[in-house]
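Please look over the sequence and structure below before reading on.

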Amino acid sequence: MRPDTAPRHTAIRLAEYTPPVWLVESVALTFALDPAATRVSSEIVFALNPDRAAADGTDLVLDGEMLTLVSASIDGEAVTPAVDSKGLRLSGETLPERFTWRAEVEIAPEENKALEGLYISNGMYCTQCEAEGFRKITYFPDRPDVMTTYTVRVEGDRATCPVLLSNGERGETGELPDGRHFAVWHDPHPKPAYLFALVAGDLKKIDDRFVTASGMDVALEIWVRPGDEDKCDYAMDSLKRSMKWDEEAYGREYDLPLFMVVAVDDFNMGAMENKGLNIFNTRLVLASPETATDANYAAIESVIAHEYFHNWTGNRITCRDWFQLCLKEGLTVFRDQQFSEDMRSADVLRIKEVANLRGRQFREDAGPLAHPVRPEEYIEINNFYTATVYEKGAEVVRMLHTLVGPQTYREALDLYFVRHDGQACTIEDFAACFEATSDRDLTQFRRWWSQAGTPRIRVRMAHDAATGETALTVTQKTPATPGQADKEPLHIPFAVGFLSASGEALALDGPDGERRDTHVLELTRPSETFLFTGAPEAPVPSLLRGFSAPVILDYPHTDAEKALLLAHDSDAFNRAEASRGLALTAAQAIATGEADTVDPILPDALATALSRGGDPAFLALLLTTPGQEEIAASLAAQGRTVDPDAVYAAKTALDTAIATAAKDALIAAWHDNATPGPYSPDAASAGKRALKNTALGLLVSLPDGPARALASAQFDEARNMTDSAAALMALVRLGGPAAQAALDAFHARWKHDPLVVDKWLAMQVAVPEVDALERAKALRARDDIDWRNPNRFRSLVGAFASNHRRFHAADGSGYDFFAEQVAWLDGVNPQTAARMATAFDTWSRYDEARREKMRAAMGRILDQPGCSRDTYEIVSRLLG
Ligand code: PHE
Ligand code: ZN
């Protein structure tokens, strides 16, 4: 905490949780929609909670923010409670044990640019209530452990709002005076307020249906703006596959006759699992071959599944309090990962999941924002929708799956669904289901939820030629994180196998006496030794197979051993890992000046792998060299000060060396992996395009190489966005008049499609070769783009901050631009501004001059008048 910033906002603590004093039996809401003055009438039946904490008294506290209270009554008697900026309190002494509260409030959706509560996006009303947005709609106990049934009547103009939607099932509809109409909705499933949703506007739907395993006919509707109806097929297809998969893999059926998805332009996050009415950022619904890339298609599949899966893991079983967020998010991410692994290639998915985990979550864990998967305090809960809660939370569930095995995992989840359906739960409830079904004591394992930081696993091997014994000595240590100096040992599933010196798989006898290709060791102590027998010669260990735990591994494989693993390991994850290890070693040597050239071992190994062939998607990953951010992180992990220019030089040298050694194979890969004919988003076709475009990307680094000709041809001929965007990106990196002409042509063609404009924006500022700051400033000055839209802002300012070389320009100009933009956004949309500000979380890696400039830039964000609670919390934690 800086001396001049005494806490301006108070922290909420897990340890201070108490059950609600009042429960809600039912809610009825009426919305009279109007952009400037929407009236919300509520009728809420309250009853004293028999299980309340006695010390809490019986006052009723209702949350409410940005509301104008018009009238209120208790059992028909008018009351005039005092309200403040947080809500109102009714004295328990005046309240019967059960009563009906009625209130009317007024809100102004058209002024709501924070996109929380009820707002208007492109003429369409919509809501976002997670985590604490419902309190911006009406007075209510806005906490997830208060669950109730909702009846909602929506009234609006028939002309501007022909469609009126809310959660649950359709009820009565009818006409009203003055060109208005109404629709009533009823949701029979009790839910917390954060799952409430309302949508109204001029929307069109595409329809389909799904029959559940027990025969219920479910109407499926995807609602979009007129003109977008032809971009919903993939989302609909993904939805039906998700529903089927959840029945087969988890025995979970859908529970209402209607399931709706709505796509909105202005949305802070990816999507939201509101009961029966999921609301999505358009970028995660709309796709056509001409406008969406393979990566967009894969993201749609995964997020449609994620939100659908929340119906059981999140909605029917919800969180007791927001500290338990990982209960629904970690579990649901693991479920959507399993789904995507089943739909596509599990190996390829796993490699991508881990790359994402390392790039975002390990980064978070290594910096000032580190926090446990289940945090213990927060100022603003919106700041805890993090990679740690989501992605590490999913890894924790995956480790449980590994430890107990798939069958017991399924039994544990079955028990969870039976025991806790309809409840608001904790991580302890979840863990108890695993203890009950597996007879395991998970006391130590539970530390994964409470202890922050990424454990370091150091492994050393000894081989005794006389006995054929191979000993692995494994040491674990988790570094200190903010507020957690001392760490305890964790319970870690650690999957290992062995290869012979010539690359054959060796099935050794493990510590349990069983002979296996892969042994899952369970680490529990700070240091322990595991014995394997049956290898006459020293084997090459293949460690942490499949990335069986979210840890950083330290083992002194030689480069030759890495090349052996790259070529021969039966574990696909570790083949990719060997490639990454060789690449990082080479890049570090260049960045630190220890070497001037890249050792040929990796370029040669990749050229060989490419000529041998195999799954193109996997080969594309082998060929994807670490980015500058990853190289920088690896240097920081060795305790070195990061020099961004040296990192850029290392990255360029690495790609150039690979492109030089594998030039012919890369050109062949570009030709051989064309996907002529109609576009199909399936994994095999996408894998070919990935290999082709990865090859093109590497060839860009060859001066006077073939990339310019290949990219121009590809750009001119492309009939899908994957190939078009990759070609354009290559041209932009190569620069010159051809690049500008291609950018202009692309913009002229797509300027009316905001999601394609996003790609056009990001591409120009995210590549290190261009003067990204100058471009970012010129683009930001355009007034044909609404910069308050989170997708637009992120595509420009977020993409700029991901440009390691340019963001970290030595003169601080990148920091200044970025900070100025975040400060501006904070005045409009604090939630998104705070999230953006986290880009500064690596500031301590750099030299003192850059640190000072970053601290000054952060200070300016913090010191601007009216700095939001969201951004205040993030920046003050960043500054430490
Ligand atoms: N609960 C959403 C999800 O993970 C994310 C979200 C959080 C969306 C907060 C909006 C606001 O699916
Ligand atoms: Zn989620």
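How far does a polar side-chain atom of Glu 329 lie from an oxygen atom of ligand 1? The distance is 3.0 Å, a polar contact being a pair of N or O atoms within 3.5 Å; within protein, one must be able to donate a hydrogen and the other to accept it, and residues adjacent in sequence count only if both atoms are side-chain atoms.

## Basis of the model

This is a predicted model, in which local features need pLDDT of at least 70, side-chain atom pairs count only at pLDDT 80 or more, and totals for chains, interfaces and linings use all residues. Residues are numbered from 1 along each chain as its sequence is written, chains are lettered from A and ligands numbered from 1 in the order written, and side-chain values use heavy atoms, without hydrogens and water.

Ligand 1 has 13 residues around it, each with a heavy atom within 4 Å. Glu 130, Glu 273, Glu 307, Glu 329 and Tyr 390 come nearest. An N or O atom in the side chain of Glu 307 is 2.7 Å from an oxygen atom of the ligand; for the side chain of Tyr 390, the corresponding distance is 2.6 Å.

The protein covers 96% of the 320 Å² of accessible area that ligand 1 has on its own, by the Shrake-Rupley method with a 1.4 Å probe.
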